[in-house]
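Q: I am new to this structure. Can you walk me through its features, one at a time?

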Amino acid sequence: MQCYLQADGLDEWAGEKSHIYGSSPANQRIEAWWSFLRRNRSGWWIDLFQDMCQTGILELGNVYHMECLWFCYSRIIQQELYNVKDQWNSHYIRKSQHETIAGIPDLLFFIPEYYGGDNCLCEVSHTKLLELETSERNDESENIYQEYFEYVCEMRSWRSPKDVHEAFEMFQQLVNIME
């Protein structure tokens, strides 16, 4: 996506140079991020879904089960990801021996000049943004399972799950309806 959005760029980081592939172990910062994410709930989610599989509640090869899992849990997981993002982006990064700038990620991103950094913001055409939004909407609108789950919820006056317990209950009820 970065390469696509920067395809028309004129700087040294335009097009294919806007993204590089490399081994993650060489990047301690991204390794710290993955460790942080794992400790801050993603490990809990992995354990929950593994437990559901081991007890036979969730069948990984069953498309209906997987779509139902997405329908029931995606909003809750997304909210947790937003919380982790907010927590990470507001913590202080200390200066290290490498070429880094100390500070808070959100502030480093939004006002890099204040910390002696460069503003590397690149404009993206409105056309490209609309194109990406349209393709995302098309992907979402073609899911007959999600439409079916929404229909069942409407017919039974069910609301979207607000927590993991409600999502689990809804998952079991939707699977029972299917069976």
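Q: Is tyrosine 148 buried, exposed or partly exposed, and why?
A: This is a predicted model. Tyrosine 148 has 33% relative accessibility. Buried needs under 20% and exposed needs over 50%, with partly exposed in between. Tyrosine 148 therefore counts as partly exposed.

Q: What about phenylalanine 149: buried or exposed?
A: Phenylalanine 149 is at 0% relative accessibility, so it counts as buried.

Q: How do I read a pair of aromatic rings?
A: Take the distance of the centres and the angle of the planes. Here the count comes to 10 aromatic pairs. One of them joins tyrosine 114 and tyrosine 115. Their ring centres are 5.1 Å apart and their planes are at 80°, which is edge-to-face.

Q: Which kind of pair do tyrosine 148 and phenylalanine 149 make?
A: A tilted one, because the planes are at 55°. The ring centres lie 5.9 Å apart.

Q: Which aromatic cluster holds these two rings?
A: Tyr148 and Phe149 form one aromatic cluster with Tyr64, Phe71 and Tyr145.

Q: How accessible are tyrosine 114 and tyrosine 115?
A: Tyrosine 114 is at 64% relative accessibility, so it counts as exposed. Tyrosine 115 is at 25% and counts as partly exposed.

Q: Where does a charge sit over a ring?
A: Look at arginine 41. Its charged end sits over the ring of tryptophan 44, 4.2 Å from the ring centre. Lysine 128 is placed over the face of tyrosine 4, with 4.7 Å to the ring centre.

Q: How is empty space found?
A: Roll a probe the size of a water molecule over the atoms; this shows where empty space is left. In this model, the largest pocket holds about 1,000 Å³ of space. It is lined by 23 residues. Closest to its centre are Leu108, Phe109, Pro112, Asp118 and Cys120.

Q: Which helix gives the most to that lining?
A: Helix H4, residues 105-110, with 4 residues.

Q: What classes of residue line the largest pocket?
A: The lining has 12 nonpolar, 7 polar and 4 charged residues.

Q: How many disulfides does the whole structure have?
A: The search finds 0. Take cysteine 72. Its nearest cysteine sulfur belongs to cysteine 68, 4.1 Å away.

Q: Is cysteine 72 buried or exposed?
A: Cysteine 72 is buried, with a relative accessible area of 2%. Cysteine 3, at 29% relative accessibility, counts as partly exposed.

Methods
Residues are numbered from 1 along each chain as its sequence is written. This is a predicted model: local features need pLDDT of at least 70, side-chain atom pairs count only at pLDDT 80 or more; totals for chains, interfaces and linings use all residues. Side-chain values use heavy atoms; hydrogens and water are left out. Rings of Phe, Tyr and Trp (its six-membered ring) pair if their centres lie within 6.5 Å; planes under 30 degrees apart count as stacked, over 60 as edge-to-face and the rest as tilted. Buried means under 20% relative accessible area, exposed over 50%, partly exposed in between (1.4 Å probe, protein chains only). A charge sits over a ring if NZ of Lys or CZ of Arg is within 6 Å of the ring centre and within 35 degrees of the ring normal. On a 1 Å grid over the protein atoms alone, a cavity is a set of points where a 1.4 Å probe fits but cannot get out, and a pocket is an open set with protein on both sides within 12 Å along at least five of seven lines; lining residues have an atom within 4 Å of a point. Grid points are joined across faces, edges and corners, and a volume is the space filled by probe spheres set on the points. Helices (H or I, at least four residues) and strands (E, at least two) are DSSP runs, numbered from the N terminus. Ala, Val, Leu, Ile, Met, Phe, Trp, Tyr, Cys and Pro count as nonpolar, Asp, Glu, Lys and Arg as charged, and the others, Gly among them, as polar. A disulfide is a pair of cysteine sulfur atoms within 2.5 Å.
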